[in-house]
Amino acid sequence: MRLRLALFAAVAVAFPGIAHAQGAQASSPPEFARRIDQLKPGQWVWAPQVAPNGPVLIYVDLSRQIAMVYRNGVRIAATTVSTGKAGHATPTGVFTILQKDAKHRSSKYNNAPMPYQQRLTWDGVALHAGGLPGYPESHGCVHLPYGFARELFALTDLGVTVVVQGDAQNHVRTSENSLLAPFNDKGQPVERQALAEGEEYRWTPELAGAGPLSIIISKSDQRVVVIRNGTEIGRSVARIDDSDPGSHVITLIEQAGRPQWVYVGLPGHDEDAGHVLDEATINRVHMPRPFYEAVKAQLKPGSTILVTNSAVGAKPLERLTIMDAVVPRP
């Protein structure tokens, strides 16, 4: 079986039904999120299978008029938005979701419908489905595509952190390509430390003692990053011999009394569901033996591997020769 764990690539999810003033009703393949600025008004990306568990963080970038959703420190969604226009600026800062109302109507603006409202301030600022003309036009709220707002509403709980940054009147068209969250689940900035020159790996499991494990294998960076409960606990160089442009998800289950890595069936690739990770695919990844042994000791059913071409915040380094390499085994 060829390497096509349809992770970020080709996981287009179309939501038929209500469009109204929500802009173009469309989703894009999640791998396209590496080029977020190419999303057109109303377009969005949704791939929650990438990190099925862990703390959720929402980041709204006013300058680029986009929002991104992270779970367990890994980006699982991106969307275009429309925020406050001049005179009604969306406030910046770190907020939490205070209230949720799927059928909310505005008490301030003529009973206007605000579907899937998630309140950020008691004076009226919220995330909700709304118009998406391609520029800031709200009265302070963050307008989302209807389908995206519905999915996000189902994903979040009260207290989820929402970070709002930037300047809506000073539009910027540059992408941050890293899959990793720029903030932790409390809204504090996270600085990703690249490996030092000559450093093969870093392992600090004490930073997060418990929680779901996400392992990101970046083919573009030739790096492996391990995240637990939203916190990076490990990073390593790797040799990943794979030219597949797509991205893929594998999860660890217990099958017949032993651990087994299996493909996750994503929309458009349902046939992948339940397929066992084959040895030929495993043989394409090599990493330092001590790092591999350390990670293996932490694996539990529910751990997830993301294989992707997206970046993980590594500065360019020479490709190191791994002196004591090992091929992963469950």
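Me: How is Tyr116 placed, buried or exposed?

Reply: The test is relative accessible area with a 1.4 Å probe, on protein chains only: buried is under 20%, exposed is over 50%, and partly exposed is in between. Tyr116 comes out at 17%, so it is buried. The model is predicted: local features need pLDDT of at least 70 and side-chain atom pairs pLDDT 80 or more, while totals for chains, interfaces and linings use all residues. Residues are numbered from 1 along each chain as its sequence is written, and side-chain values use heavy atoms, with hydrogens and water left out.

Me: Which element holds Tyr116, and what is its phi?

Reply: Elements are DSSP runs numbered from the N terminus, helices (H or I) having at least four residues and strands (E) at least two. Tyr116 belongs to strand E8, residues 113–119. Its phi is near 55°, a positive value in a residue other than glycine. Asn72 also has a phi near 55°, again positive and not in a glycine. Asn72 sits in the loop between strand E4 (66–71) and E5, and it counts as buried because its relative accessibility is 0%.

Me: How many helices and strands does the chain have, and what share of its residues count as buried?

Reply: The chain has three helices and 21 strands. It runs to 330 residues, 52% of them buried.

Me: Which strands pair with E11?

Reply: Pairing requires that DSSP finds at least two bridges between two strands. Strand E3 (residues 56–61) is parallel to E11, with five bridges, and Ile58 is opposite Val162 there. Strand E6 (residues 93–96) is antiparallel to E11, with four bridges; in this pair Thr96 faces Thr161. Four of the five residues of E11 are buried, so the rest of the structure largely encloses it.

Me: What follows E11 in the chain, at Gly166?

Reply: A loop, running between strand E11 (161–165) and strand E12 (201–203), contains Gly166. Gly166 is partly exposed because its relative accessible area is 42%. Beyond neighbours within four places in sequence, Gly166 contacts Leu62, Ser63 and Thr92.

Me: Which way do the residues of strand E2 point?

Reply: In E2 (residues 43–46), Gln43 and Val45 point one way, Trp44 and Trp46 the other way, and all are buried. E2 is joined to strand E5 (residues 74–80) by three bridges in the antiparallel sense. Within that pair, Trp44 is opposite Thr79.

Me: Which residues have the most contacts inside the largest nonpolar core?

Reply: A nonpolar core is a set of buried Ala, Val, Leu, Ile, Met, Phe, Trp, Tyr and Cys residues joined through side-chain atoms within 4.5 Å. The largest has 43 residues, and Ile58, Val60, Val69, Leu127 and Leu152 have the most contacts inside it. Helix H1 (residues 146–155) gives the most to this core, six residues. A second, separate core has 22 residues, including Ile217, Val226, Val285 and Val295.

Me: What is Val60 in contact with, and which residues of H1 are buried?

Reply: Leaving aside neighbours within four places, the contacts of Val60 are Ile66, Ala67, Thr83, Leu127, Val142, Val162, Val163, Val164 and Gln165. H1 is mostly covered, with seven of its 10 residues buried: Tyr146, Gly147, Phe148, Ala149, Leu152, Phe153 and Leu155.

Me: Where is Thr304, and what does it touch?

Reply: Thr304 is in strand E20, residues 304–308. It counts as buried because its relative accessibility is 3%. Ala51 is 253 residues away in sequence, yet its C-alpha lies 6.9 Å from the C-alpha of Thr304. Not counting residues up to four places away, Thr304 touches Gln49, Val50, Pro52, Leu213, Ser214, Ile215, Val249, Ile250 and Thr251.

Key. Contact means heavy atoms within 4.5 Å.
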